[in-house]
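Have the structure open as you read.

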Amino acid sequence: MTAHVIPRTAIPRTMAKARRRHGAVLTWPFAFIVLVVAAAAAFVSYVLWPSWPSEPVAIDAPALPITIAGVLFEIPPAAIREGVQRHPGAHERVDLVFSWPALSPPPNSSEPRAKPPVTAENAIAAVGDAENDRLFVTIAGLGAVLAPLERLRTIYPRYVVAQANAGPDGLAILPFRGGTPYDGEDLVYVGNNPEEFFARCTRQIGAVRGTCISERALDGAQITIRFPRDWLNDWRSVAAGFDRLAAQLHPERR
């Protein structure tokens with residue numbers, strides 16, 4: 001009986017074919033998984049991608065529905081300081097400016113204003129006048145930051161001096177200690193009811209006027225207003241204006 005001998009050259013070809021078949025069996029499931037993952041990623045990106053308008057929103061357009069940290073606000077486009085923020089939908093933050101005390105969007109900056117030209121002599125006064133009738137507002141998500149009232153109760157007391165000074169119309173002024181995160185600022189609040197109104201204020205240094213910020217939480221969002229410190233002489237109007245502004249921007253709370 002003659003034994004059948006397999007030629008040596010046939011062995012590598014057989015093994016190569018087997019490897020190709022095995023590789024093909026592994027490649028198809030892998031390719032299918034990659035395709036599914038890519039399709040899912042494309043769908044999620046399409047759904048989550050912000051829907052930017054094709055044309056800029058006109059300054060005089062009606063109030064825009066804007067959500068920040070899941071809270072719905074109605075914001076007039078003319079009050080939005082940054083053009084890239086002037087569109088409806090979800091935002092991380094918006095920066096606004098309003099005329100004071102009207103709480104309406106300021107006149108278009110392109111319109112001439114009946115004011116004398118700024119010179120080297122009146123430059124500082126001109127800057128002060130420009131901000132003295134403006135209320136600057138920021139709306140942003142709180143995120144991991146404590147709400148303003150919680151900061152008033154638990155954070156600020158750690159950094160202030162022991163004795164408060166008397167301020168205008170029942171306010172108390174409590175300086176923050178040097179070397180703290182609020183160095184150079186004062187905590188200003190209603191002496192017998194701090195939660196009624198409070199603000200952090202910088203002090204005037206030379207010709208640079210002091211400014212104050214007052215904050216208020218609306219669910220997961222926070223409204224921050226910035227105003228000149230000398231407005232504290234009429235802090236009741238500032239507090240009432242903050243109430244009106246919050247109701248104006250977030251009508252559900254009216």
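**Charged pairs and a packed helix**

Asp 133 is partly exposed at 22% relative accessibility, where buried means under 20% relative accessible area, exposed over 50%, and partly exposed in between (1.4 Å probe, protein chains only). Its partner in a salt bridge is Arg 134, with N to O at 3.3 Å; Arg 134 is buried, at 10%. A salt bridge here is a side-chain nitrogen of Lys or Arg within 4 Å of a carboxyl oxygen of Asp or Glu, and the structure holds 11 of them.

A word on the source: this is a predicted model, in which local features need pLDDT of at least 70 and side-chain atom pairs count only at pLDDT 80 or more, while totals for chains, interfaces and linings use all residues. Residues are numbered from 1 along each chain as its sequence is written, and side-chain values use heavy atoms, leaving out hydrogens and water.

Next, find Arg 209 and Asp 230, whose closest N and O atoms are 2.9 Å apart in a salt bridge. Arg 209 sits in the loop between strand 9 and strand 10, and Asp 230 in the loop between strand 11 and helix 4 (235-249), so the pair ties together parts 21 residues apart in sequence. Helices (H or I, at least four residues) and strands (E, at least two) are DSSP runs, numbered from the N terminus.

Now turn to helix 3 (residues 148-155), whose buried residues are Pro 148, Arg 151, Leu 152 and Ile 155. They lie on the same side of the helix because they cover an arc of only 120° around the axis, taken from the directions from the helix axis to the C-beta atoms.
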